[in-house]
Structure formats: structure tokens, C-alpha cells
Amino acid sequence: MSHLSGKMEKSDVKFEDRFDKYLDPSFFQHRIHWFSIFNSFMMVIFLVGLVSMILMRTLRKDYARYSKEEEMDDMDRDLGDEYGWKQVHGDVFRPSSHPLIFSSLIGSGCQIFAVSLIVIIVAMIEDLYTERGSMLSTAIFVYAATSPVNGYFGGSLYARQGGRRWIKQMFIGAFLIPAMVCGTAFFINFIAIYYHASRAIPFGTMVAVCCICFFVILPLNLVGTILGRNLSGQPNFPCRVNAVPRPIPEKKWFMEPAVIVCLGGILPFGSIFIEMYFIFTSFWAYKIYYVYGFMMLVLVILCIVTVCVTIVCTYFLLNAEDYRWQWTSFLSAASTAIYVYMYSFYYYFFKTKMYGLFQTSFYFGYMAVFSTALGIMCGAIGYMGTSAFVRKIYTNVKID
């Protein structure tokens, strides 16, 4: 091309609005998007109403029954049919199995939640989409800075459950998510180098990430763990824990923890899955995602739905006199991740035109990381809500 003219055209578009032509308002502000948010919102109102109604009515009935039993003399009480969640009061605050892994997961989930919240708020205030990689660098910075959150919640929970190896717990909590992300990135990187792809991560970047892990995340996590252990590490349960665990009675198949876990993720997934479509499309189909207000709403909806669902699941479980509620509440909320990952398969085969080993491993590798992180976050939210609920109902019961 020889006839390059050096003529500059004056543009009427303001400098800060220049990026707008790359945005696709008709895609993101589509009626379906608004409708899905409205739909999810109705589901939240319905669920919260349902949970509060069920729990208010049944708990009131339970409390009335238990206080009536209090007034009976010992002879009548022995003949009375004691059943329900009050029976497991001596076991409900027993430490979960594998407390080390459990508290590390809860700590990590709280941290991911804090990161999601802060990054979305920053993205709503600043236009992070205008520069490539600014979203990722913000997320990494916020993740490193919120490490004390992980240490605090993980460390205090581990101490309350009577854990002794707190340094090991701190290391696992600090490196759980970074190890998962870096492991996946390294694996995909080998394939990228083999294909000479531009997506290969430079060696310098990898070293920098490792330095952040050891010199920023670990010390901050240590600070959080020490604070958590000292400020809220004392086991202050409303009921005494029995020395011998009581046997768990036989129950119907749908009351088994495994079934509850599988069903628990359906409603939280239902409340976010249309938003997932928009997020996937912005990630894999080069649309620029900029409607962070929607994302904030969806995060709030997801939290409320998750807490409601896990509280109901836990109530049924405790009523069946099964006191293994900690892992059940975590996993029933975390199973949302399985549904998101299954949805990513549908998205890959029907919505993208990807093919070949490199693109497939890139897609499924990073979707696995995304789904797992989402699952850990939902699990922690579910457990935190349920924990408050369990503590509340057992505080109000008179136990001899």
C-alpha cells in the first residue's frame, strides 16, 4: 500500500467513551438477561419465604414438643417417643471428619468470596475491561491482599474443632487455590509450548507468581491464622459434646447425605446459569463483559439461595438424627460446581467452534479451575449460614 495518507480525522467521540464501540449492549442488556435476573430474584423471595415459613412453623412445633417433654416426669419421658433433631444435641458439635482439610476449604472459600466481592465492586467503579489483563492483575492483587481472611476463618475453625497441627493447616489453606491454578496453568502451558501458541505463559511470570505465593500470601495467611486462633479459636458450643458418638439410625434413601449433596446444587445452579452463559461468552467468544452490576446481583442471589438450600438440607438431616452436617452442608452447596462444569460441556459442544487438543485442554482445564473455585466458595457460604442456624436452634433448646 503506497498511498498512505497522514491525514488525521477529528472525532466527536469523547476519549473516555471511545471504548464503547467494542461493547455489545444488545447482547448483554438483552431482555433475556433482565428476565433471568428477575426470575432468580423471584426464586430468592420464594425460597427465603419457604425456608422461614417451614423453619418457623416446624421449629415452633418442635420447641413446643420439647418443652412439653421437659414437664413430664422421668417415667413418662422414658415411655415418650423422643425423636428429631434434639436427640443429636450431644453430637452435633462434634468435630467434622478430616478437620484439617475441612477448615482449609472453608478458609479458602471465604477468601474466594471476599475476592469476588471486591473485584466486582472495583470493576463496577473502574472500567477494568478497557485494558487487557487488568481484570486478572486486579484479581491476583486482591487475592494476595485478602490472604488474612483465609487464615482467620480456616485457623479459627480448625482451633475450634480441636486441631493440633495448625501450621500444616495454614500451609494447606494458603496453597490450596494457588496450587490448583498453577498446576492447571503449567499443564496447559506445556501443551501451549508444544503448539508454539501465543497463549504460553512466560517463565518470568511463573516465577513472579511463585514469589507472590511464598512472600506475600503465606506471611499474610500466618497473620490471619494467629488472629483467628486467638480471637475466635475457643470452642464455645451451646451443648456439651458426648464422649461416645451415638449410632446413626437407619433412614429413607433420600435422607442419605450422598443424595442430599447431589440435589443441593440444583437450585443455586438454576439461579446463576443464565449469567454463566454471558460470562462464558465473554470469556470464550471475545465479547467484552461489562455489566458488573448484574454480576453483583447474581452473586448476592447465589449466596442467599445457597444458604437457604443448605439450611433446609441440614434441618432434614438433623431431623433424621444424622449429625454429620458439616461436610453435608459444605458439599451440598459445593455440588453447584458439578452442574456448572456439566453446563460447560454443553457450551463447548454447542456454542463454541473450538477443536483440537490445545483448545480443548485449554477450555476444560480453565473451566475446571473456575468450577472448583466456585464450588469451594459456595460450600463455604453454605457451611457458614448453616453453622449459624445450627448454633441458633440448639441455643434455644433446654437440655438437661
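A nonpolar core is a set of buried Ala, Val, Leu, Ile, Met, Phe, Trp, Tyr and Cys residues joined through side-chain atoms within 4.5 Å. Buried means under 20% relative accessible area, exposed over 50%, and partly exposed in between (1.4 Å probe, protein chains only). This is a predicted model: local features need pLDDT of at least 70, side-chain atom pairs count only at pLDDT 80 or more, and totals for chains, interfaces and linings use all residues. Residues are numbered from 1 along each chain as its sequence is written, and side-chain values use heavy atoms, with hydrogens and water left out.

**Nonpolar core**
- The largest nonpolar core holds 94 residues, and Trp85, Phe280, Tyr363 and Tyr394 have the most contacts inside it.
- Helix H11 (residues 292-319) supplies the largest share of this core, 18 residues; helices are DSSP runs of H or I, at least four residues, numbered from the N terminus.
- Domain 1 (96-237) and domain 2 (250-399) both contribute residues, so this core lies between them; the bounds come from an automatic or database domain assignment.

**Helix H13**
- The buried residues of H13 (residues 336-351) are Thr336, Ala337, Val340, Tyr343, Ser344, Tyr347 and Tyr348.
- Down the axis of H13, these buried residues fall within an arc of 145° (directions from the axis to the C-beta atoms), so they line one face of the helix.
- Exposed Ile338, Phe349 and Phe350 sit on the face turned away from the buried side of H13.

**Cysteines**
- The whole structure has zero disulfides, a disulfide being a pair of cysteine sulfur atoms within 2.5 Å.
- The sulfur of Cys211 lies 7.0 Å from the closest cysteine sulfur, in Cys210, too far for a bond.
- Cys211 is partly exposed at 34% relative accessible area, and Cys262 is partly exposed at 45%.

Conventions. Helices (H or I, at least four residues) and strands (E, at least two) are DSSP runs, numbered from the N terminus. The expected span of a helix is 1.5 Å times one less than its number of residues.
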